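Here are my notes on the model, as numbered points. Please read them with the structure open.

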Amino acid sequence: MVSGRWIETGADLWKDRARSLQLRLRDRLRVTVDHHRRRPKMYDGYLSSTVERWLQRFSDFRRDTLPSSSTLYRKKVSKDIDPEADSVLTRMLQAVAVPVLGNVCHVFMHGLNRVQIYGAEKLHQVLENRMENKPLITVSNHVAAMDDPLVIAALLPPSVILDAQNLRWTLCATDRCFRNSVTSAFFKHVKVLPVSRGDGIYQKGMDMAISKLNRGGWVHIFPEGSRSRDGGKTMGSIKRGIGRLILDADNLPIVIPFVHTGMQDIMPVGAKLPRIGKMVTVLVGDPIEFDDLLAAGEKDNMPRGELYDAVSTRIGDQLQKLKAQVDRLAVQEALQSQDYHDHVAERAAGIVQHVDWEALGMDNYMSIGEDHASPPRQEPSSEQPLVEKQMEENSQDRYFRLGFSRESGIVSRIRGYMGSTELMLFSARCLFANSRVKENFENIQEIAPLKAWNNFWMPLYESQVCNREILL
């Protein structure tokens with residue numbers, strides 16, 4: 001019985017010791033978070049105070065001098081930031097690709113479309129007379145996906161397009177022009193620089209554009225950053241990137257603005273190929289000056305961001321003024337074009353009336369009609385005699401008009417496929433053919449036995465001559 005008690009006492013003692021050890025380990029391994037913890041000192045003495053003082057100075061230097069993500073500053077860019085673009089192979093390919101593409105676009109705009117340019121001499125003078133190291137920036141509105149190179153090629157004469165080294169550099173988003181290796185190689189060799197949407201104004205693409213300006217190059221940019229959302233009716237806000245290109249270049253660039261309208265008809269939204277037969281109007285403005293902004297910025301110690309905004313605002317105001325002017329010019333050209341077509345139609349109608357249609361075998365298609373422009377007359381009553389009706393009809397103004405039948409034939413096809421200008425030319429050719437035929441048969445008509453033969457073949461021959469003129 002004593003041994004049993006001794007065993008129980010020993011077991012209780014070991015339980016108490018295990019419990020005490022468990023509590024001691026829990027207290028030792030417990031982690032307490034102190035929210036008011038201060039940085040512990042390295043150690044006391046002169047060395048610790050010196051180290052802390054230098055650490056504090058370094059922290060202040062970083063805070064005051066190095067820019068943060070929200071701070072705008074001037075970033076110096078070297079001229080040799082893109083050594084690959086300066087290689088001999090790249091320059092050789094650019095010397096071939098740029099003139100070929102530029103001349104094709106020039107022929108497309110001036111040959112297959114109609115382009116009206118106002119103030120093109122302002123850009124030409126700058127391109128011909130600017131100094132070697134003087135950079136050039138052109139800014140314009142962005143309407144269609146092919147504004148560059150179509151509008152740029154339309155502005156320049158072919159002799160300037162052949163000089164690939166002095167032609168423009170431009171910027172394009174990587175998600176549009178640099179999707180794969182093939183498109184990247186093509187746009188690289190036609191002087192296009194990649195920019196990434198959302199990477200800000202200090203990205204590599206902007207640095208590459210500034211490096212081209214530092215070499216005295218020409219950079220074209222769309223300051224809106226993207227195409228118009230309503231087909232060129234309005235312009236978007238101007239982004240800060242154009243401010244950085246102008247202010248961060250080593251030399252202040254010459255800035256030439258121009259605005260165009262009509263590209264929305266050549267390259268509508270969603271179209272894969274450009275269309276032909278459209279009208280494009282381009283207005284080139286005077287160079288924009290920024291010397292007063294730079295002087296005010298230096299005098300008032302204006303922050304860099306405010307300078308960028310001031311430059312962008314001035315460019316936006318100038319583009320808005322040009323946009324209003326080019327819209328008025330486009331409306332005037334449309335009215336003049338309509339008047340021109342109406343005048344051509346009147347001349348064609350006058351020439352058509354002088355054509356000897358009987359000799360051409362088309363006398364059956366001539367009819368006498370009433371002028372539809374005359375005011376409507378009152379319908380006669382049923383009791384009015386027939387003779388009075390005919391007298392009233394004869395008293396009205398009449399004119400000869402060409403009435404083509406609804407039957408299928410060459411005459412109805414002529415009207416369906418010929419415009420007013422072509423009809424006038426056709427009539428003039430027929431007049432010339434009539435006079436030429438009459439001269440050829442003048443001597444034959446004097447021979448009495450051949451008069452009957454002449455009367456039979458004369459109309460048929462004249463008709464064949466006129467049809468031949470149509471085919472030519």
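1. Helices (H or I, at least four residues) and strands (E, at least two) are DSSP runs, numbered from the N terminus. The model is predicted: local features need pLDDT of at least 70, side-chain atom pairs count only at pLDDT 80 or more, and totals for chains, interfaces and linings use all residues. Residues are numbered from 1 along each chain as its sequence is written, and side-chain values use heavy atoms, with hydrogens and water left out.

2. The chain contains 18 helices and nine strands. Of its 472 residues, 34% are buried (under 20% relative accessible area, with exposed over 50% and partly exposed in between; 1.4 Å probe, protein chains only).

3. Asn141 sits in the loop between strand 2 (136-140) and helix 5 (147-155). Asn141 is buried, at a relative accessible area of 1%. Its side chain reaches the backbone oxygen of His260 at 3.0 Å.

4. Which residues is Asn141 in contact with, leaving aside its neighbours within four places in sequence? With contact meaning heavy atoms within 4.5 Å, they are Asp147, Phe222, Glu224, Met235, Phe258, Val259, His260 and Lys323.

5. Taking a disulfide as a pair of cysteine sulfur atoms within 2.5 Å, the count is one. Cys172 and Cys177 form a disulfide, with their sulfur atoms 1.9 Å apart. The torsion about the S-S bond of Cys172 and Cys177 is about 65°, so this disulfide is right-handed. Both Cys172 and Cys177 are buried.

6. Cys105 is also buried, with a relative accessible area of 6%.

Definitions and conventions. Polar contact = N/O pair within 3.5 Å; in protein donor to acceptor, adjacent residues only side chain to side chain.
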